[in-house]
Amino acid sequence: METFLRLFGISSNDNRIDQATGLTEKQKRLVQNTWAVVRKDEVGSGIAVMTAFFNKYPETQRQFSAFKDIPLNELPNNKRFQAHCTSVITALSNVIDSLHDPGLMEASLIGLAERHKKRGQRKVEFQNLKDVILEVLHQALRKQFTPEVTEAWDKTLNAVFTKIYQVYAV
């Protein structure tokens, strides 16, 4: 039966929930497959996320000394901004790539959260970023951002940000 199901892209493991992430195997694949579309243009995707973030939460831009005084419409051409945007997408890519290795994912997230906490970033800014990431994904993926994909991404980001928030709780 398993062989028959695999012919249709279905596996009995698809609905098994990974206790570490709360995601099913199918949800992990949905996230990784849709992320592959976004990561094709790391700079452009990062710019989309960060400009949406600064547009929605303008006070956040002032926390970045390298580009705090640059008008929002000029940021996409600023190389330091582009470099930061790429690092945001790279960090997300590392997390998504390690969905099947929760220990590695956790270690990456703890390091990321500790660095940002030392710089004075707050938990609320991570929550705001999470919301913006979902909005940008929806805009970028359009029809591919089905309710099933939306649920998978929401669960993924909840798992990711829950781990980040644990660092802020200490």
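Q: What is the relative accessible area of A91?
A: This is a predicted model, in which local features need pLDDT of at least 70, side-chain atom pairs count only at pLDDT 80 or more, and totals for chains, interfaces and linings use all residues. Residues are numbered from 1 along each chain as its sequence is written, and side-chain values use heavy atoms, with hydrogens and water left out. With a 1.4 Å probe and protein chains only, buried means under 20% relative accessible area, exposed means over 50%, and partly exposed is in between. A91 lands in the partly exposed class because its relative accessible area is 25%.

Q: Which helix holds A91?
A: Helices here are DSSP runs of H or I with at least four residues (strands are E runs of at least two), and they're numbered from the N terminus. Going by that numbering, A91 sits in helix 5.

Q: How far apart are the C-alpha atoms of A91 and L109?
A: Along the chain, these two are 18 residues apart.

Q: Which residues does W153 contact, leaving aside neighbours within four places in sequence?
A: Contact just means heavy atoms within 4.5 Å. Once those sequence neighbours are set aside, the partners of W153 are V31, T34, W35, I96, L134, L137 and F145.

Q: What C-alpha separation do L134 and W153 have?
A: L134 is in helix 7, and it counts as buried because its relative accessible area is 16%. Beyond its neighbours within four places in sequence, it touches F145, W153, D154 and L157. L134 and W153 are 19 residues apart along the chain, yet their C-alpha atoms are separated by 7.6 Å.

Q: How are helix 2 and helix 5 oriented to each other?
A: Axes are lines fitted to C-alpha atoms, for helices over the stretch in contact, and angles run from 0 to 180 degrees between N-to-C directions. These two pack at about 150°, with axes 10 Å apart. Under 35 degrees counts as roughly parallel, over 145 as roughly antiparallel, 65 to 115 as roughly perpendicular, and the rest as oblique. So helix 2 and helix 5 are roughly antiparallel.

Q: What is the handedness of the crossing where helix 6 passes helix 8?
A: Helix 6 and helix 8 pack at about 50°, with axes 9 Å apart, so they're oblique to each other. The contact involves residues including E106, L109 and I110 of helix 6 and K163 and I164 of helix 8. A crossing is left-handed if the near helix is turned anticlockwise from the far one by less than a right angle, and right-handed if clockwise. This one is right-handed.

Q: What is the relative accessible area of K163?
A: K163 sits in helix 8. Leaving out neighbours within four places in sequence, its contacts are E106, L109 and I110. K163 counts as buried because its relative accessible area is 18%.

Q: What is the phi of R142, roughly?
A: R142 is in the loop between helix 7 and helix 8, and it's exposed, with a relative accessible area of 64%. Although R142 isn't a glycine, its phi is positive, at about 45°.
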